[in-house]
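Dear colleague,

I am passing on the structure we spoke about, and below it you will find an account of what was found. Please read the text with the model open beside it.

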Amino acid sequence: MSVQGKVALVTGGGQGIGRGIALRLAKDGADIALVDISRDALTTVAGEIEATGRRVTTFVADVGDRDQMRAAIDHAEQELGGFDIIVNNAGIAQVQPISAVTPAEVERIFRVNIQGVLWGIQAAADKFIALSRKGKIINACSIAGHEGYALLGVYSATKFAVRALTQAAAKEYASRGITVNAYCPGVVGTDMWVEIDRRFAEITGASKGETYRKFVDGIALGRAETPDDVASLVSYLAGPDSDYMTGQAILIDGGMVYR
C-alpha cells in the first residue's frame, strides 16, 4: 500500500474528519499517532485502529501550544519508531457577524486554526530535517479558504491564512524534499456542522436543519460530504503519487466552489 510502514500523526484525530483520516491511513498501511484534547475520544479511535492491525499511540495536546505540538511529534517518533506524515486537521468553527466578534473569540479561533497549523508545520519540518528524511505536511483548509462566507468571516480568515501558510511552507521546505499541501472540504456531516447550523438558527431565525439543508442543496453532486470523502484525498496527499505536488489547497466539496 502507498504508505505501508510509514508513521502518520493526525491532530483532531478523536472525532469527525480526523477520525476518518486516521482510519483511512491505517487501512493504507500506516501506523498512527492520534492527537486530540479529549482522552476519551482518543481511546475510542485508537481501539478502532488497533482492530485494523496497525500500531497506534495517543497524545493529549492543545495544538495551539507550540511546546505541546513538539512533544506530540517526539512522542510519535519514540513510540512508533519514525515520523513521515503530519495531518494538521484540528480546527474549530465560529459563526458570528463581523460586527459582533469579540477579541476573546478571535484569539481562540486564531490559536487553534492558524497557530495550530503553524506549530504543526514547524515541528514536523524540524523533525523531518533532524531525521534526514523527506516528509509530507498536510493541512486542513476549507471552501472558506477560497471564498469568504457571511457569518463565517473570521473562520474564513483563518482558512485563508492556512492557504498562505501552506504556500509559504511549500516554498521554504521544497529543497528539503518536504511537500506541503492542504485539503479544502465543503459541507461535511459532522458535529461541527451541527454546531454551525445551530448558530445560524440563533442568529438568523432559521429553523433547525434549515441552513445545513440550504448548503447541501447547493452541492452539484447532490449530497453532503462524508469524512471518508475527505480521507480519500488525504490518502493521496500522504502517498507517493502526490510527490510532485506541493503548495496546493485542493477543493473537495462535491461541486460548491470552482477555482
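The lining of the largest pocket is made up of 24 nonpolar residues, 11 polar ones and nine charged ones, where Ala, Val, Leu, Ile, Met, Phe, Trp, Tyr, Cys and Pro count as nonpolar, Asp, Glu, Lys and Arg as charged, and the others, Gly among them, as polar. Before going further, please keep in mind that this is a predicted model, in which local features need pLDDT of at least 70 and side-chain atom pairs count only at pLDDT 80 or more, while totals for chains, interfaces and linings use all residues. Residues are numbered from 1 along each chain as its sequence is written, and side-chain values use heavy atoms, with hydrogens and water left out.

The largest pocket holds about 1200 Å³ of space. The search ran on a 1 Å grid over the protein atoms alone, and a pocket is an open set of points where a 1.4 Å probe fits, with protein on both sides within 12 Å along at least five of seven lines, whereas a cavity is a set from which the probe cannot get out; lining residues have an atom within 4 Å of a point. Grid points are joined across faces, edges and corners, and a volume is the space filled by probe spheres set on the points. Of the 44 lining residues, Ala 90, Gly 91, Ile 92, Ala 93 and Met 192 are the closest to the centre of the largest pocket. Two or more lining residues come from each of helix H1 (16–27), H4, H5, strand E6 (178–185) and helix H6 (191–204), and H6 gives the largest share, six residues. Helices (H or I, at least four residues) and strands (E, at least two) are DSSP runs, numbered from the N terminus.

The second largest pocket has about 230 Å³ of space. Its lining consists of 14 residues, with Lys 6, Lys 134, Gly 135, Lys 136 and Asp 243 nearest the centre, and by class it has four nonpolar, five polar and five charged residues.

On the record side, an unreviewed UniProt entry carries the annotation "domain: Ketoreductase" for residues 6–186; such annotations may be inferred rather than shown by experiment, the feature names are shortened, and the positions are given in the numbering used here. In the model, the end C-alpha atoms of residues 6–186 lie 28 Å apart, and the span is 49% helix and 19% strand.

Turning to charged contacts, 15 salt bridges were found in the whole structure, each being a side-chain nitrogen of Lys or Arg within 4 Å of a carboxyl oxygen of Asp or Glu. In one of them, the side chains of Asp 31 and Arg 54 meet at 3.1 Å, N to O. Asp 31 lies in strand E2 (residues 31–36) and Arg 54 in the loop between helix H2 (39–50) and strand E3 (56–60), so this pair ties together parts that are 23 residues apart in sequence. Asp 31 counts as buried at 4% relative accessibility, where buried means under 20% relative accessible area, exposed over 50% and partly exposed in between (1.4 Å probe, protein chains only).

Another salt bridge joins Asp 126 and Arg 70, with the closest N and O atoms 2.9 Å apart. Because Asp 126 lies in helix H4 and Arg 70 in helix H3 (residues 66–80), that pair ties together parts 56 residues apart in sequence. Asp 126 is partly exposed at 34% relative accessibility, and Arg 70 is partly exposed at 23%.

There are also five aromatic pairs, counted when rings of Phe, Tyr and Trp (its six-membered ring) have centres within 6.5 Å, with planes under 30 degrees apart called stacked, over 60 edge-to-face and the rest tilted. The rings of Tyr 149 and Phe 215 have centres 6.2 Å apart and planes at 55°, so the pair is tilted. Tyr 149 is buried, with a relative accessible area of 17%, and Phe 215 is buried at 18% relative accessibility. Ring pairs link Tyr 149, Trp 193, Phe 200, Tyr 212 and Phe 215 into a cluster.

Finally, Ser 132 has a phi near 55°, a positive value in a residue other than glycine. Ser 132 sits in the loop between helix H4 (103–130) and strand E5 (135–140) and is exposed, at 69% relative accessibility.

With best wishes
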